[in-house]
Amino acid sequence: MKTVKKDVDDYLQEGIYGARQTKPGERKKYLGTIRERVVLVLTNGQLMREQGLEELAQAMKDYPEAKLLLDRQVSYRFRKPYRQLANEHGIQHTTVDNKEVETDVGAVLAVEEAIDKEKIDIKTTEDTKQEGEEKKGLGGLIKSLFKS
């Protein structure tokens, strides 16, 4: 009889709080998927500057079964070139609306199974400039002191 009670409690908890998820922090960051399934990530800034299109196109060729997840918080006009690219490569795409979470991730190309790809983000010249500027001055000094 004890197992029945546990099942009822689990059912009630699921009804109140929703289905349990593995790695909820990763799912929030990566637009609903987990890190081990990610092929490529683009930031909101990269989407707004239309960067990473070539890298994304290559990744779509390498992983034709992948799915493109786009953050709805990024304006449609910035998401449009990435949606068009997905259509050209026959890649399914979805716009994810997660208002409870602030994330810098604007687009995620992911697959259904774990691939554990080591390098999932791309560095652009703009990213490199920003990192260089952050290292300069008092702010850069303070950040370097507290870097782990």
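In helix α4, the buried residues are L56, A57, A59 and M60. Viewed down the axis of α4, these buried residues fall within an arc of 165°, so they line one face of the helix. The arc is that of the directions from the helix axis to the C-beta atoms. Here, buried means under 20% relative accessible area, exposed means over 50%, and partly exposed lies in between (1.4 Å probe, protein chains only). On the face of α4 turned away from the buried side are the exposed residues E54 and K61. The cover over the buried residues of α4 includes β1, β2, α5 and β4.

The model is predicted: local features need pLDDT of at least 70, side-chain atom pairs count only at pLDDT 80 or more, and totals for chains, interfaces and linings use all residues. Residues are numbered from 1 along each chain as its sequence is written, and side-chain values use heavy atoms, with hydrogens and water left out.

## Overall organisation

The protein contains 7 helices and 4 strands. Helices (H or I, at least four residues) and strands (E, at least two) are DSSP runs, numbered from the N terminus. Along the sequence, these elements follow the pattern α-α-β-α-α-β-α-β-β-α-α. Of the 148 residues in the protein, 32% are buried. The accessible surface of the protein comes to about 10,300 Å², and 51% of this surface belongs to carbon and sulfur atoms. Accessible areas come from the Shrake-Rupley method with a 1.4 Å probe; for residues, only the protein chains shown count as cover.

A contact is defined as heavy atoms within 4.5 Å. Among contacts with a separation of 6 or more, 78% are between residues 24 or more positions apart.

## The nonpolar cores

In soluble globular proteins, nonpolar side chains tend to be buried together. A nonpolar core is a set of buried Ala, Val, Leu, Ile, Met, Phe, Trp, Tyr and Cys residues joined through side-chain atoms within 4.5 Å. The largest such core in this model has 21 residues, and those with the most contacts inside it are L42, L47, L56, M60, L68, Y82 and L109. At least two residues of this core come from each of β1 (38–43), α4 (53–62), β2 (67–71), α5 (76–88) and β4 (105–110). A second, separate core of 10 residues includes L31, L69, V105 and I120.

M60 illustrates how parts of the chain meet. Not counting residues up to four places away in sequence, M60 touches L68, L85, A86, H89, I91 and L109.

T33 is found in the loop between α2 (24–29) and β1. Setting aside residues up to four places away in sequence, T33 touches E26, R27, V38, L69, V108 and A110. N44 belongs to helix α3 (residues 44–48). Beyond its neighbours within four places in sequence, N44 is in contact with D71, V74, T103, D104, V105 and G106. The C-alpha atoms of N44 and D71 are 8.2 Å apart in space, although these residues are 27 residues apart in sequence. T95 lies in strand β3 (residues 92–96).

| Residue | Relative accessible area | Class |
|---|---|---|
| T33 | 7% | buried |
| N44 | 14% | buried |
| T95 | 18% | buried |
| E50 | 45% | partly exposed |
| L12 | 46% | partly exposed |
| D116 | 57% | exposed |

## Features at the surface

L12 lies in helix α1 (residues 2–17). Together with V8, Y11 and I16, L12 forms a nonpolar patch on the surface, with about 460 Å² of accessible area together. Patches are made of residues with over 30% relative accessible area and no salt bridge, with like charges joined within 9 Å and nonpolar side chains (Val, Leu, Ile, Met, Phe, Trp, Tyr) within 5 Å. A salt bridge is a side-chain nitrogen of Lys or Arg within 4 Å of a carboxyl oxygen of Asp or Glu.

Most residues other than glycine have a negative phi. E50, however, has a positive phi near 55°, and its place is in the loop between α3 and α4. D116 has a positive phi near 45° and is located in the loop between β4 and α6 (125–135).
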